Amino acid sequence: MTDHPSKTLAAFAANLRFEDIPPAVVRRAEDLLLDWFGSAVAGKGARPVETIERFARQMGPDSGAAEVLISRRRTSPLFAAMVNAASSHVAEQDDVHNGSVFHPATVVFSPALAVAQELRCSGRELLTASVAGYEVGIRIGEFLGRSHYKIFHTTGTVGTVAAAAAVGRLLKLTPEQMLDAFGSAGTQAAGLWEFLRDAADSKQLHTAHAAAAGLTAAYLARDGFTGAKRILEGAQGMAAGMSWEADAAKLTDRLGQRWALAETSFKFHASCRHTHPAADALLQVVTEHNLAPEQIAAVNAQVHQGAIDVLGPVVNPQTVHQAKFSMGTVLGLIAQFQRAGMKEFEDHFNDPRIAAFRAKVGMTLDPEVDGAYPARWIGKVEVRTVDGRTLLGRVDEPKGDPGNTLSRDELEQKALRLAQFSGGATEQEMQAVFRQLWDIERAAAVGHFLT
């Protein structure tokens, strides 16, 4: 292990070349980029996102090269990154890396695309920068560990440095400048889970801030602005203030050999990832036994501690977004409709049937599930029926995990559903976007998609 892991990680991000990345990882990056795009257009019309967009209109330039996807206007990279990051996190359909409990796409692609459009970078440069952001962010999330996630929204905190890595690579920062960018990004890291108790809008602010702060840090570093050299592992760095179990070896774990981006999962249900394993396990029971909701007397979701920490405070959800963090609501939609998509949440999250089912759902800490987490997210449910049966469901790899992944056709269909739901783009427009994204590696300069 290096005695200066921040420096080693920064040098990796600065020196990464497209030729260093295995073709399979490049293809996966393309998949993740398309998946992110669908989530980004899905944010159109969402009140918190539109509020951030109005702020960007007031504070940012009304022209530029960077594209704001929900409004189809152009502005500076800073404000486009801010809005697109907020937009792509509101539907709860953006990707997640299990081991770090981190949503990379929203804080990596949002600033990377904005800067690539501004600088007329090639598609290869965009992909390389995005891989750098994923590799850096995932490792920092793993480094900070479960104790960090208990209080801090990792995507908001770690996302600042991941964004800085991606933008720094596009700006061609030297390793020393990249280290400065990490320092300036890390000192701005923020995001607390308390917002869930109040159904507050903070989650979109977390990603908007992370993308903008990381971008800012990278541009400042290019101009000579210095940052803390050991922002991650230093005596008063991120780990010292935000974790009690940080393992510095995870920051440089097999750099250039293990491609953490390829371990990233797609989200199938439109809800917090902590609900997905139990949702898949309940769906298994419901379909196998042909159960109607009224035949179910109780459901016990056997979960890891992280699920209890994040979902436990949400007892009586008052908004669609808060309902996505309610295990009872998600399982109620699964029992009623066999899916928990955008439309199901929007139309039915607080229906009397769903509210009644919510009261039937409990969560208990399961030693096996908790021991496997966060590397594996096992789903286990115990279903008690009104006629006295006890039925067990178990899923070892939720839909969307690398071992149970979505095909490119499924990714396109998911993106189309998201665009249709929000009205963010027509099917014809999305098909044109798909053609651009599947061919992004060969783009001489990254262009615009909806403007």
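**Exercise 1. Find which strands helix 11 lies across, and the angle it makes with strand 6.**

Solution. Keep in mind that this is a predicted model.
- Step 1: Start from helix 11, which lies across strand 3, strand 5 (379–385) and strand 6.
- Step 2: Compare directions: helix 11 runs at about 130° to strand 6.

**Exercise 2. Work out the strand order of the open sheet and name its edge strands.**

Solution. 
- Step 1: The sheet has 4 strands in the order 4-3-5-6, and its pairing is mixed.
- Step 2: Look for strands that pair on one side only; these edge strands are strand 4 (361–365) and strand 6 (390–395).
- Step 3: From one strand to the next, the twist averages 20°.
- Step 4: Now zoom in on one pair. Strand 3 (residues 296–303) joins strand 4 in the parallel sense, over 5 bridges. Asn300, for instance, has Gly362 in strand 4 as its bridge partner.

**Exercise 3. Decide how helix 2 and helix 6 are oriented to each other.**

Solution. 
- Step 1: Read the geometry: helix 2 (residues 23–42) packs against helix 6 (residues 123–151) at an angle of about 85°, and the axes are 10 Å apart.
- Step 2: Angles of 65 to 115 degrees count as roughly perpendicular, and helix 2 and helix 6 are therefore roughly perpendicular.
- Step 3: List the contact residues. Helix 2 contributes Val26, Ala29, Glu30, Leu32 and Leu33, while helix 6 contributes Leu126, Leu127, Val131 and Tyr134.
- Step 4: Sort them by class: 8 are nonpolar, none polar and 1 charged.

**Exercise 4. Is Arg258 buried or exposed, and what does it touch?**

Solution. 
- Step 1: Locate Arg258 in the loop between helix 10 (238–242) and helix 11 (276–289).
- Step 2: Its relative accessible area is 8%. Buried means under 20%, so Arg258 is buried.
- Step 3: Leaving out residues up to four places away in sequence, Arg258 touches His97, Glu135, Ile138, Arg139, Glu142, Asp253 and Glu263.
- Step 4: Take two of these partners. Glu135 is 123 residues from Arg258 along the chain, yet their C-alpha atoms are separated by 9.2 Å. With Glu263, the side chain of Arg258 makes a side-chain polar contact of 2.9 Å.

**Exercise 5. Find how many residues of helix 14 are buried, and what follows the helix.**

Solution. 
- Step 1: Helix 14 (residues 327–337) has 11 residues, and 9 of them are buried, so the helix is mostly covered.
- Step 2: The buried residues include Met327, Val330, Leu331 and Ile334.
- Step 3: Just beyond helix 14, Gln338 has a positive phi of about 60°.

Definitions and conventions: Residues are numbered from 1 along each chain as its sequence is written. This is a predicted model: local features need pLDDT of at least 70, side-chain atom pairs count only at pLDDT 80 or more; totals for chains, interfaces and linings use all residues. Side-chain values use heavy atoms; hydrogens and water are left out. Axes are lines fitted to C-alpha atoms, for helices over the stretch in contact, and angles run from 0 to 180 degrees between N-to-C directions. Helices (H or I, at least four residues) and strands (E, at least two) are DSSP runs, numbered from the N terminus. Angles under 35 degrees count as roughly parallel, over 145 as roughly antiparallel, 65 to 115 as roughly perpendicular and the rest as oblique. Contact means heavy atoms within 4.5 Å. Ala, Val, Leu, Ile, Met, Phe, Trp, Tyr, Cys and Pro count as nonpolar, Asp, Glu, Lys and Arg as charged, and the others, Gly among them, as polar. Buried means under 20% relative accessible area, exposed over 50%, partly exposed in between (1.4 Å probe, protein chains only). A polar contact is a pair of N or O atoms within 3.5 Å; within protein, one must be able to donate a hydrogen and the other to accept it, and residues adjacent in sequence count only if both atoms are side-chain atoms. Two strands pair if DSSP finds at least two bridges between them.
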